[in-house]
Amino acid sequence: VNPDPKPCARGPGRAVSALELFTLYDFFQVFIRDRTMYYLNPTVVQPLCAAHRLSYAERVGPHQVQWFVSHFWGTQFRLFCESVRRHALATCGESGEAWKTSTYWIC
């Protein structure tokens, strides 16, 4: 998590990287398990952001958007993360760590 989070302008500068998405899942995996965003948002994301009154992207350090993702909140979060990883790998190449820097506006 960004140690000095600050608000940023609304718009394409509020994306999160694939790595930040996976870091969220990895850190809270024991609680998330096979749950969906309906669980994750009120129990993990909102509490992380509430004290600073920022979006999750601002809280972890926003990036310029490369890709837009619209998804069903009822999908298991781990499956959503895997879909993002597969997309990032397909667009950045199958080898190396470049996929982690792909950025997404997620709604």
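Accessible areas were computed by the Shrake-Rupley method with a 1.4 Å probe, and for residues only the protein chains shown count as cover. On this basis the chain exposes about 6,500 Å², of which carbon and sulfur atoms supply 58%. The structure is a predicted model, in which local features need pLDDT of at least 70 and side-chain atom pairs count only at pLDDT 80 or more, while totals for chains, interfaces and linings use all residues. Residues are numbered from 1 along each chain as its sequence is written, and side-chain values use heavy atoms, with hydrogens and water left out.

The secondary structure comprises 4 helices and 3 strands, where helices (H or I, at least four residues) and strands (E, at least two) are DSSP runs numbered from the N terminus. From the N terminus on, these elements follow the order β-α-α-α-β-α-β. The radius of gyration, taken over C-alpha atoms, is compared here with a globule rule of 2.2 Å times the number of residues to the power 0.38. The chain has a radius of gyration of 13 Å, close to the 13 Å that the rule gives for 107 residues, so it is as compact as a globular protein of that length. Along the principal axes, the C-alpha atoms fill a box of roughly 40 × 30 × 25 Å. With contact defined as heavy atoms within 4.5 Å, residues 24 or more positions apart account for 78% of the contacts with a separation of 6 or more.

Burial was assigned by relative accessible area (buried under 20%, exposed over 50%, partly exposed in between; 1.4 Å probe, protein chains only). Buried residues make up 38% of the 107 residues in the chain. A nonpolar core is a set of buried Ala, Val, Leu, Ile, Met, Phe, Trp, Tyr and Cys residues joined through side-chain atoms within 4.5 Å. The largest such core holds 25 residues, among which L24, L40, Y56 and F77 touch the most other members. Helix 1, helix 2, helix 3 (56-60) and helix 4 each supply at least two residues of this core, and its largest share, 7 residues, comes from helix 1. Apart from neighbours within four places in sequence, Y56 is in contact with V16, E20, L24, V45, L48 and C49.

Helix 3 also contains E58, which is buried, with a relative accessible area of 3%. The side chain of E58 makes a polar contact with the side chain of R14 at 3.0 Å, a polar contact being a pair of N or O atoms within 3.5 Å; within protein, one must be able to donate a hydrogen and the other to accept it, and residues adjacent in sequence count only if both atoms are side-chain atoms.

In helix 4, the buried residues are F77, F80, C81, V84, A88 and L89, and their cover includes helix 1 (18-32), helix 2 (37-50), strand 2 (67-69) and strand 3 (103-106). Helix 4 also holds C92, which is partly exposed, with a relative accessible area of 33%. Helix 4 is followed by G93, whose phi is positive, near 105 degrees.

The loop between helix 4 and strand 3 contains T101, an exposed residue with a relative accessible area of 57%. A polar atom of the T101 side chain lies 2.7 Å from the backbone oxygen of A98. T101 and S17, although 84 residues apart in sequence, are 5.5 Å apart in space, C-alpha to C-alpha.
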